[in-house]
Amino acid sequence: GQAAPWDALPWRPAVHLLLFLHRVEGFVPGMYILARHPDSVPMLRDRLALPSFQWAQPQDCPAGLPLFLLQPGDTTRDTKQFSCYQDIASDGALTFGMLAELEAAVRELGSAAYRWLFWECGMVGHVAYLEAEAQGLAGTGIGCFMDDAVHEAAGIRDGSLHSLYHFTIGGRTPDHRLS
């Protein structure tokens, strides 16, 4: 089984993280994929199949953690573009898109799949908020993003995976518009 809070899901995780690491100590900047269930790795390898993708486990990656470097390099310009040119997507430590196994979920659950997948995205986002705060950082969801551009960068050519939500983590920047 899975540890809390992930054990609250009544299904195998169907939302995976397409990570864009900008400034994370110990990691090469670039695009990564974190499969939230090891059984999903073969499907992700098949769907995220650009010839340039390395599928290399990062140095010192914990055994059994399905985290893979797809493409090293500076992704700040791309993530800013993916996120409707918002600085928050490129100025922080990392940004990630939540890639849902949409086609399979809709086939199995019908239109209710959207509700379940967004619920899972919400759970991932809430944990990201809490973990960022625990590390002295801040996180925020990114409501405006260009899913087609993300799909193209990830090599997604069909409806099997779909970017449902985005999130960023970095240093805290006060918003003086709010009081």
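W55 and F68 are both buried, where buried means under 20% relative accessible area, exposed means over 50%, and partly exposed lies in between (1.4 Å probe, protein chains only). The model is predicted, so local features need pLDDT of at least 70 and side-chain atom pairs count only at pLDDT 80 or more, while totals for chains, interfaces and linings use all residues. Residues are numbered from 1 along each chain as its sequence is written, and side-chain values use heavy atoms, with hydrogens and water left out.

W55 has a relative accessibility of 12% and therefore counts as buried. W55 lies in the loop between α1 and β3. Helices (H or I, at least four residues) and strands (E, at least two) are DSSP runs, numbered from the N terminus. Phi of W55 is near 50°, a positive value in a residue other than glycine. D60 lies in the loop between α1 and β3 as well. Its phi is near 65°, again positive in a residue other than glycine. D60, however, counts as exposed because its relative accessibility is 72%.

A search of the whole structure finds eight aromatic pairs. Rings of Phe, Tyr and Trp (its six-membered ring) pair if their centres lie within 6.5 Å; planes under 30 degrees apart count as stacked, over 60 as edge-to-face and the rest as tilted. The ring centres of W55 and F68 are 5.3 Å apart and the planes make 55°, so this pair is tilted. W55 belongs to the loop between α1 (41-47) and β3, and F68 to strand β3, so the pair ties together parts that are 13 residues apart in sequence. The ring of F68 also has a charge over it: the charged end of R45 sits 5.3 Å from the ring centre. The criterion is NZ of Lys or CZ of Arg within 6 Å of the ring centre and within 35 degrees of the ring normal. Elsewhere, ring pairs link W11, W116 and W119 into a cluster.

Strand β3 is part of an open sheet. Six strands form this sheet in the order β3-β2-β1-β4-β6-β5, with antiparallel pairing. Two strands pair if DSSP finds at least two bridges between them. β3 (67-72) and β5 (138-142) stand at the edges with a single partner strand each, so one side of each is left without a neighbour in the sheet. Neighbouring strands are turned by 25° against each other on average, direction ignored. Axes are lines fitted to C-alpha atoms, for helices over the stretch in contact, and angles run from 0 to 180 degrees between N-to-C directions.

Strand β1 (residues 15-21) pairs with strand β4 (residues 94-100) in the antiparallel sense over seven bridges. Within this pairing, L18 stands opposite G97 in β4. Helix α5 (residues 112-134) packs on the sheet and touches β1, β4, β5 and β6 (162-170); its direction makes about 10° with that of β6. Contact means heavy atoms within 4.5 Å. Seven bridges join β4 to β6, and these strands run antiparallel. The bridge partner of L99 in β6 is S163. β5 and β6 are antiparallel too, over five bridges. Here A138 stands opposite G170 in β6. β6 is mostly covered, with seven of its nine residues buried.

In soluble globular proteins, nonpolar side chains tend to be buried together. A nonpolar core is a set of buried Ala, Val, Leu, Ile, Met, Phe, Trp, Tyr and Cys residues joined through side-chain atoms within 4.5 Å. The largest such core has 25 residues, of which L17, L19, F96, M98, L117 and I169 touch the most other members. β1, β2 (30-34), β3, β4, α4 (102-109), α5 and β6 each supply at least two residues of this core. α5 gives the most, with six residues. Beyond its neighbours within four places in sequence, F96 is in contact with L17, L18, L19, V124, A128, Y165, H166, F167 and I169. A second, separate core of 19 residues includes M31, I33, F53 and L161.

S90 lies in helix α3 (residues 88-91). Its relative accessibility is 7%, so S90 counts as buried. Leaving aside neighbours within four places in sequence, S90 is in contact with H22, R23, T76, T79 and K80. The C-alpha atoms of S90 and G171 are separated by 12 Å, and these residues are 81 apart along the chain.
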